[in-house]
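Hi everyone, thanks for coming. Please have a look at the chain on the screen, and then I'll walk you through it.

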Amino acid sequence: MRDNRIELVRASWHELSISVSDVSLSDEGQYTCSLFTMPVKTSKAFLTVLGVPEKPQITGFTSPVMEGERMQLTCKTSGSKPAADIRWFKNDKEVKDVKYLKEEDAVRKTFTVSSTLDFLADRSDDGAVVSCRVDHESLNSTPQIAMQVLEIHYTPLVKIISSNSWPEEGQSIILTCESKGKPVPEPVLWTKDGGELPDPERMVVNGRVLSISFLNKTDNGTYRCEAKNPIGRNSTEYVLIVH
């Protein structure tokens, strides 16, 4: 063996030791030590070299994704020997239902492995962290991880909250329209019984809040709050009964 990476560590009548630096996959194979007696005595050992997987990459993500669209994220790593293991996590919770593909490089005897995560985008996934984890015996129990933060756009979800559960004549009431969506919904629209608010002096809209002062029975009716964003619109209703 003649190679600049190989150094003679110890040479005596009892021991011959060498060291191999910058080990490569081509160093794998059978090594033979010979003792030139009569007859010659030999000892053999097979050296296995592990292929370290490259840092994984996640592809297939476009931002933003609309709620209900199908997402296919693929995680890929090359150079492992034997083939590395890929696992998916969403907010640290493992996702089991994934596809796994293994391809061998016939020249280098290493593997390229990939895994695909396929799911429908949901508003609950907005801001979720999806991570791809590569485990391999060459990594000494320290996996390589690639991460992707999801951004999901969805239509507003609307809810009306009343300040008074038993409104009476002469009292006031505040109706708050809570709307959540992405992008953030534009200012909400208040209507009563399908038309504009009939008494703008007593019925004051400030942002998402509708305030009605000095209640009377003419205020009875159905109040609707509508919110919209570029994805769509949604609304909800509150039936006011003045006692």
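This is a predicted model: local features need pLDDT of at least 70, side-chain atom pairs count only at pLDDT 80 or more; totals for chains, interfaces and linings use all residues.

Let's begin with the overall picture. How many helices and how many strands does the chain have? The secondary structure comes to zero helices and 20 strands. The radius of gyration is 34 Å, while the globule rule gives 18 Å for 243 residues, so the chain is more spread out than a compact globule. You can see that in the C-alpha trace too, which spans about 120 × 30 × 25 Å along its principal axes.

What share of the residues counts as buried? The answer is 31% of the 243 residues. The chain exposes about 15700 Å², and carbon and sulfur atoms supply 51% of that area. As for contacts, take those with a separation of 6 or more: 58% of them are between residues 24 or more positions apart.

Now for one sheet. If sheets are new to you, strands of a sheet pair through backbone hydrogen bonds, either parallel or antiparallel. Here we have an open sheet of four strands, in the order β9-β8-β12-β13, and the pairing is antiparallel. Which strands sit at the edges? They are β9, residues 93-95, and β13, residues 144-149, and each of them pairs on one side only. On average, neighbouring strands of this sheet are turned by 30° against each other, ignoring direction.

Let's zoom in on one pair. Strand β12, residues 129-135, runs antiparallel to β13, and six bridges join the two. If you want a landmark, find R133, which stands opposite I145 in β13.

Before we look, a reminder: most residues other than glycine have a negative phi, and most peptide bonds are trans. Are they buried or exposed? The cut-off for exposed is over 50% relative accessibility. N140 is at 63%, so N140 counts as exposed. S141 is at 76%, so S141 counts as exposed.

And the peptide bonds? The one from M38 to P39 is cis, with omega near 0°. You'll find P39 in the loop between β3 (29-35) and β4 (41-47). Another cis peptide bond joins K182 and P183, where omega is about 0°. P183 lies in the loop between β15 (173-182) and β16 (189-192).

Finally, let's go inside. In soluble globular proteins, nonpolar side chains tend to be buried together. In this model, the largest nonpolar core has 20 residues, and I58, M71, L73, W88 and L150 touch the most other members. Four strands, β7 (70-80), β8 (85-90), β11 (110-120) and β12, each supply at least two residues of this core. Which strand gives the largest share? That is β11, with four residues.

Leaving aside residues up to four places away in sequence, M71 touches F61, V65, L117, D118, F119, A121, L150 and I152. There is also a second, separate core of 18 residues, which includes I160, L175, W190 and C225.

Key: Residues are numbered from 1 along each chain as its sequence is written. Side-chain values use heavy atoms; hydrogens and water are left out. Two strands pair if DSSP finds at least two bridges between them. Axes are lines fitted to C-alpha atoms, for helices over the stretch in contact, and angles run from 0 to 180 degrees between N-to-C directions. Buried means under 20% relative accessible area, exposed over 50%, partly exposed in between (1.4 Å probe, protein chains only). A nonpolar core is a set of buried Ala, Val, Leu, Ile, Met, Phe, Trp, Tyr and Cys residues joined through side-chain atoms within 4.5 Å. Contact means heavy atoms within 4.5 Å. The radius of gyration is taken over C-alpha atoms; the globule rule is 2.2 Å times the number of residues to the power 0.38. Accessible areas come from the Shrake-Rupley method with a 1.4 Å probe; for residues, only the protein chains shown count as cover.
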